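Here are my notes for your first pass through this structure. Keep the model open and check each point as you read.

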Amino acid sequence: MKKIILLFLIISCYSNSSFSQHPVFYQLTEKDGLPDVEFYQVLEDKKGFIWFAANKGLFRFDGKNYINFSHPNKRGLSVFNLALDKKGRVWCNNISGQYFYAENNRLNLYVDLEKESNGQLSPFYFINNHIVINSNSGFYKLNIDNKTNEKILDFNRKALASYVRNDTLFFIQNKKLLYSVDLKTYSQKTDLKALNEKYSFWNIGNYKNSFLLNVGSVEDNSIKTKTLELDNYSKKIKLFKNPDKVSVIKFKQKGDDLWVLTTKGFYIFKSTENQFQLQSHYFKNKRVTDVIKDSHENYWVTTLENGVFIIPNLHIKKTENRLNLAKIRNLHKIDKNNFAFGTIKGEIGFYNTKNNKHDLLKRLENRKSAAITGNEKEVYFCLGESNFILNTKTKKITNTSKFKNVKDFSYYKDSKLVATFSSFSKIIDLTNQTSTKLRNKRAYKSYYSKTKDEIYIAYIDGLAKYDSNLTEEFISFNNQPIFALDIAETKDGTIWVSTFKDGILGIKDGKVIENYTIRNGLLSNRTSTIKADKNSLWIVSEKGLQLFNTTTKTFKNLTKKEGITSYTIFDIVVFDEEVYFSSNDGLFKIDKQKAFKEEKLSDFYFSSVLINDRETPIKSSYTLSFNSKKIEFTFKTNGFLLEENLTYKYRLNRSTENNNWNTVNKSAKEITFNNLAPDNYVFELQSYSDVSKQKSNKKTINIEIKKPFYLSWWFILISISLAFSIILSLFYRRELKLKIKQKELLEKERLQKQLASSKLESLQSQMNPHFTFNALNSIQNLVLKGSKEDAYNYLTKFAELIRKNLNLSQKSFIYFEDELNLLKKYLDLEKLRFRDNFSFSIEVDSSVNEIEIPTMIIQPFVENAIKHGLLHKVNGERILELYFKQTEVLECTIIDNGVGLETSKKINKKNKTVTSFSTKSIKEKLKFLKDYYSMDIGFSYEEIEEGTKVIIKIPYK
């Protein structure tokens, strides 16, 4: 058999600065919805879902949301050993011996081997159409389809670790023996007999054609640096220096690299000629349990205490030192291995790209670095009003005041600088301490072209070019000024400028010869920092970082999906193999050859279909009834940050017309159709990459909405027949209806006449001779007593009341307020008659609005209360109270403290008084109104403790 490689893994954490860079990563936390912090394994299925085996169970992640998969008979929460079968189903098991697979969005219990597992976690493998399970009592083989159980190996103690390669199963038993089993014949043999008693096998892994065995020490149960040669079965490979008590959790092969997952991060080794060389050590303080690379080249790292980490790009790294705290702002390349930098805290320093070491010299000012330029000998820094010159050899710093408050400057020639300021631009000669002003205008950016001996300056009102004689010429684009944000020059002599709305412009001989926008490859028309890299151009925009090859006219893109954590990029320096950039998130390094991923457009899928807000199985076609008013499709693309650069478009074609494509709003992941007319439709959906402009395959759903039954031919025929019958019936009944209508008109005319008659009777009742007699008698008494002035006042008010009554009696309805004023005048007249032995009050509820009521209904009841109740009262003050409130009718309540109903009847009987004409008239009028309005209209009397109460219900409009 093939040789077995025995590895003695002793893992250490180097303090060497060579490991001071870490790939950019995103940590999934509880804030992102992460359901646990303790994870054992991660797996990607064929649809792009990420599955997690965790302490709290099995979870599926689509890039945004987590779904927990559980089973009602599941014992415990934790699951382990994620695996995919040939059908693409995800399998797992637990320490209780239960084996599950996920299918059709549910977790299914495949088999329960509680007795065989005996409370121990058992690894399992798919071999042909069988599952081989390494249980506590031996190896079992189960047919996947019919669950036929067969014990293939029997032993007393559990196999500690096992591994399948080709058709051979390798496993360790009792920590001392290594066995192999031919899975065709199920014959067993011992490949490695007992080792030195000081050592034990702990786990087993695979690298290319060899096995990796992790050997532990019995003495303290930890891995030690030991040398052990085992006859001809293995060869000693030394991976680590400086031993440390770290446990190996898992071996993984990633391409040609060996990944060792441990309790202190994971290590990446390169293999050359049977030798392993340590390349990287990441997540040094994390207990890493698993690492996978998904179909989009993202690395998913699971840990035991810190949740899940995602590395979108191993080749974009962030410096792990206090430079990130200092917030580097400006960068300047000194030579092929070094660059200088200035920070927002006023510090300056050097960075060596070969050993990743930096020298932070000193804090010059507590101000951010505003500008930086220079050559191999000197670097010039501007920190507001303070300015410094740094000697790159001696690292001596000299203070100067020649370019304070500079916004930007560039090295010109012969120790001169082209500098821009808030109100002018000028050339500064550092040798003779003189300056030459170019223009009195606010300036932002400057650039000096050595090859052309030309200066370019971005002003507030446009882009200017200065030749060797400093002759000024403004450059325009489409006859408009160019508002430049940054300037760079490629090797072919093209001057490039970035703009805030026109993308990037290529300039030669003072003319714009090229323009790149979102129409021809740019991620955004709003660009900022640009930097030349031979005949390529690094471009920063609000949507990412791009590398533009000016020769092939092609773009490569780096976005958040690829590991650019922030698009607020301050400055860039370019070297032969890598690029460094500073941002508000730190200092980063890009491997120019390896950082760019191949763009893969994942296929999307429909996640749900709702018809009339009810979830419906997802199908390729639907036949719906006419009352299916609302149809909603939701869709999804699985993957981390994939949908950030995706645009969805759809169209709905009817059988008789063709619709254009419509763009779905970025924040929406559903399309809803309301009230589609009966017809046949074809719904098409497609996704587009905003970066690569690739298109996915179209998803098509056919929709048939049936016509309502009343549009069916049989219903139309029946309807026509029925309509014809109805027309005939209507024709024959026409004369009958005419007669009925004539009768109704006659009845209406009769009612109107009755209403007019009622008005006349009401007028006559208001002019009741009894009231007139009493009023004239009162005037006569006042005259006989010599009270001419009182008699005159009484007569005046009486005449006014009579005139008002006559005016209002001409109307069927009057405003309630007018009726109220008439009542008050009448009661004032009665008060004169009774003098001080009579008082009244009127209370109107707030519910009463501005309404109109029938005329001359309330006053007769008030008159009756005075005539039959208060007039006969002998002792005490006579009191009359009126209350009004509005419901469906206007309710008027009249209360007097007179002699009461019974006493009044006796008096009237004794005096042989008949019912007054006014009372009879009002009764008939209210009855007429009740019949006319079909409402509860009328009046009722109620005897109270002292006096009488009458309630009148009056219609209003």
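1. Start with one pair of residues. Phe840 has Leu880, in S71, as its bridge partner. Remember that this is a predicted model. Strand S71 takes in residues 878-886. S69 and S71 run parallel, and 7 bridges join them. Strands of a sheet pair through backbone hydrogen bonds, either parallel or antiparallel.

2. Now widen the view to the sheet. This is an open sheet of 5 strands, with mixed pairing. Read across it in the order S69-S71-S72-S74-S73. On average, neighbouring strands here are turned by 15° against each other, direction ignored.

3. Leu880 matters for the next point too. In the largest nonpolar core, which has 38 residues, Leu880 is among those that touch the most other members. Which element gives the most? H6 does, with 8 residues. In soluble globular proteins, nonpolar side chains tend to be buried together.

4. Look at Ile866 in detail. Leave out residues up to four places away in sequence, and Ile866 touches Tyr826, Leu827, Glu830, Arg833, Phe834, Phe838, Leu871 and Leu880. Another core lies apart from the largest one. This other core has 24 residues, including Ile671, Phe673, Phe683 and Leu685.

5. Stay with H6 for one more residue. H6 spans residues 816-834, and Glu819 lies in it. Is Glu819 buried or exposed? Its relative accessibility is 3%, so Glu819 counts as buried; the cut-off for buried is under 20%. Beyond four places in sequence, Glu819 touches Ile814, Ile853, Met856, Ile857, Ile858 and Gln859.

6. Asn68 sits in strand S7 (residues 66-69). Its relative accessible area is 42%, so Asn68 is partly exposed. Where does its side chain reach? The side chain of Asn68 comes to 3.0 Å from the backbone oxygen of Leu58. Asn68 is also in contact with Lys56, Gly57 and Phe59, once neighbours within four places in sequence are set aside. From Asn68 to Gly57 is 11 residues in sequence and 7.1 Å in space, C-alpha to C-alpha.

7. Lys252 deserves a look for its polar contacts. Lys252 is in strand S23 (residues 248-254). Its side chain makes a polar contact with the side chain of Asp290, at 3.1 Å. A polar atom of the Lys252 side chain also lies 3.3 Å from the backbone oxygen of Val291. With residues up to four places away left out, Lys252 touches Asp257, Leu258, Trp259, Leu261, Asp290, Val291 and Ile292.

8. Next, a hairpin. Strands S39 (residues 408-411) and S40 (residues 416-420) pair in the antiparallel sense over 4 bridges. Ser410 stands opposite Val418 in S40. There are 4 residues between the strands of this hairpin. Asp414 takes a positive phi near 55° there.

9. Another open sheet is antiparallel. Its 5 strands follow the order S43-S44-S45-S46-S47. The edge strands are S43 (443-449) and S47 (480-481), and each pairs on one side only. S47 pairs with S46 (residues 472-477) over 2 bridges, in the antiparallel sense. Here Ser476 stands opposite Pro481 in S47.

10. Finish with the whole chain. The chain has 9 helices and 74 strands. Of its 957 residues, 50% are buried. Take the contacts with a separation of 6 or more: residues 24 or more positions apart account for 52% of them. The chain exposes about 48300 Å², and carbon and sulfur atoms supply 47% of that area.

Technical notes
Residues numbered from 1 in each chain as written. Predicted model: local features only at pLDDT ≥ 70, side-chain atom pairs only at ≥ 80, totals over all residues. Heavy atoms only, no water. Buried < 20%, exposed > 50% of the residue type's maximum accessible area, 1.4 Å probe, protein only. Contact = heavy atoms within 4.5 Å. Pairing = 2+ DSSP bridges. Axes fitted to C-alpha atoms, helices over the stretch in contact; angles between N-to-C directions. Core = buried A, V, L, I, M, F, W, Y, C linked by side-chain atoms within 4.5 Å. Areas by Shrake-Rupley, 256 points an atom, 1.4 Å probe, with all protein chains shown as cover. Polar contact = N/O pair within 3.5 Å; in protein donor to acceptor, adjacent residues only side chain to side chain.
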